[in-house]
Amino acid sequence: MKNKKKICIMGMGYIGLPTAALLANRDYQVHGVDINQHTIDTINRGEIHIVEPELDTFVHSAVKSGSLVANIEPAESDIFMIAVPTPFHADKINEITNSPIPNVDYIVDATKKIVPYIKPGNLILLESTSPVGTTDMMSNVLKNEGIDISNIFIAHSPERVLPGHIMRELIENDRVVGGINDASTLKAAEFYRTFVEGEVLETTANTAEMAKLTENSFRDVNIAFANELSILCDDMNIDVKELILLSNRHPRVNILNPGCGVGGHCISVDPWFIVDSANGKAKMVEQARRTNDYKADWVVEKVKNMALQFERDNNKVPKVACMGLAFKPDIDDLRESPALHITQELNKKLDVIAVEPNIQDFQGLKLVRYDDACNSADILVFLVAHKQFKNLDIVNKQIFDTCDVING
Ligand SMILES: NC(=O)c1ccc[n+]([C@@H]2O[C@H](COP(=O)([O-])OP(=O)(O)OC[C@H]3O[C@@H](n4cnc5c(N)ncnc54)[C@H](O)[C@@H]3O)[C@@H](O)[C@H]2O)c1
């Protein structure tokens with residue numbers, strides 16, 4: 001215990017807890033901090049409050065051996081890591097770009113909380129996905145709180161793990177590490193090399209911040225292109241799936257699949273961080289965000305028109321089944337989900353039932369089993385390609401398949 005390096009991790013969520021549990025099983029003494037007492041109590045019982053494969057085993061063994069302890073308050077450490085949320089401000093809008101404004105208040109709070117425990121030689125790491133300049137801002141917060149930042153090390157290393165594979169990807173993924181100066185970069189890279197088997201790539205803090213935002217914007221822009229094609233093809237009476245298959249036979253073309261929009265807490269959020277700080281210059285990144293959001297509204301209009309036509313043809317109000325609410329297949333995560341948005345919008349005007357095999361209920365929506373929906377609905381709107389929706393036996397129904405699950 002004596003020779004173990006101590007690390008204090010601020011934020012015991014999807015990123016902080018797996019990192020804490022991994023390091024605690026790798027010869028670090030970990031002090032996990034959260035503002036939520038229930039989270040602290042759960043971890044200290046050796047249990048977990050989030051769903052992630054293998055995490056329970058790691059946490060259980062770390063707590064049992066005494067190498068992971070959770071607390072509301074930070075403690076003295078060699079290394080401090082900040083992995084708190086970076087959402088939007090609920091009540092503010094960037095008036096130049098009419099776009100959401102990132103909220104870094106959680107980072108500021110966590111930074112101020114560790115101030116009393118910082119000693120010369122400490123390494124302070126920011127892992128939260130952050131607007132460019134946040135690591136420098138964090139250094140200024142520390143300076144203003146009376147810390148001499150000339151004898152500590154401060155760096156950013158964005159997390160790029162995929163939920164569902166976090167324990168493996170924490171080790172295997174390449175990592176980008178950027179300090180506020182060369183010494184900080186080196187010190188941080190040295191730390192990550194103690195457990196990362198991927199390559200640890202050294203850069204500046206600003207570049208590391210922008211790298212994470214760039215990765216998610218790249219995905220967003222490419223999906224926007226596919227979504228735009230799907231809308232154009234609908235007007236032109238062209239099968240978008242066939243079109244993309246044919247176009248991708250070009251040796252240097254690789255178009256992604258369209259869907260009902262883009263969701264989740266990363267790809268549909270992080271590009272706005274670039275837009276917010278670009279003073280109107282991030283035109284393509286912004287347009288991609290708006291195109292992907294528009295795709296969901298376009299689906300709503302298409303389904304409303306289908307329902308109207310059904311009513312005219314059959315002289316009865318159709319029952320519409322929205323198939324899938326999550327933001328991607330085979331998960332229960334509804335954050336920023338376009339499928340949920342579409343279902344809620346349709347539910348305001350139509351007779352809607354919803355199917356989400358991965359959750360039990362959702363306030364305001366009538367959730368049914370997928371076989372019941374297939375029997376009782378007149379129009380089936382497939383929004384998420386969950387495995388349960390493949391190979392369904394559907395007879396005599398109108399179908400609107402936004403995610404190519406029926407013939408996929
Ligand atoms: N979840 C992912 O797959 C993923 C992937 C890459 C990057 N990220 C980024 O990592 C960061 C953290 O995301 P997450 O998914 O772990 O969030 P999360 O909401 O699961 O966890 C954050 C935790 O921080 C706690 N917290 C808030 N303020 C605090 C404070 N001042 N001190 C201590 N704890 C505090 C919260 O109670 C919560 O438990 C975000 O910036 C996110 O964008 C997440």
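Reader: Where does Glu54 sit?
Author: Glu54 lies in the loop between helix H2 (37–44) and helix H3 (55–65); helices (H or I, at least four residues) and strands (E, at least two) are DSSP runs numbered from the N terminus. The model is predicted, so local features need pLDDT of at least 70 and side-chain atom pairs pLDDT 80 or more, while totals for chains, interfaces and linings use all residues. Residues are numbered from 1 along each chain as its sequence is written, and side-chain values use heavy atoms, without hydrogens or water.

Reader: What makes the phi of Glu54 worth a remark?
Author: Most residues other than glycine have a negative phi. Glu54 is not a glycine, yet its phi is positive, about 75°. Asp330, also not a glycine, has a positive phi near 65°. The place of Asp330 is the loop between strand S11 (319–323) and helix H12 (338–349).

Reader: Why is Asp330 called partly exposed?
Author: Buried means under 20% relative accessible area, exposed over 50%, and partly exposed in between (1.4 Å probe, protein chains only). Asp330 has 36% relative accessibility, so Asp330 counts as partly exposed. Ile394 is at 22% and therefore also counts as partly exposed.

Reader: What does Ile394 touch?
Author: Leaving out residues up to four places away in sequence, Ile394 touches Cys374, Leu380, Phe382, Ile399 and Ile406, where contact means heavy atoms within 4.5 Å. Ile394 lies in the loop between strand S13 (379–382) and strand S14 (398–401).

Reader: How do you know which side of helix H5 the buried residues are on?
Author: In H5 (residues 134–144), the buried residues are Thr134, Thr135, Met138, Ser139, Val141 and Leu142. They cover an arc of only 155° around the axis, so they are on the same side of H5; the arc is that of directions from the helix axis to the C-beta atoms. Their cover includes strand S4 (79–82), H4, strand S7 (123–126), strand S8 (153–156) and helix H8 (205–236).
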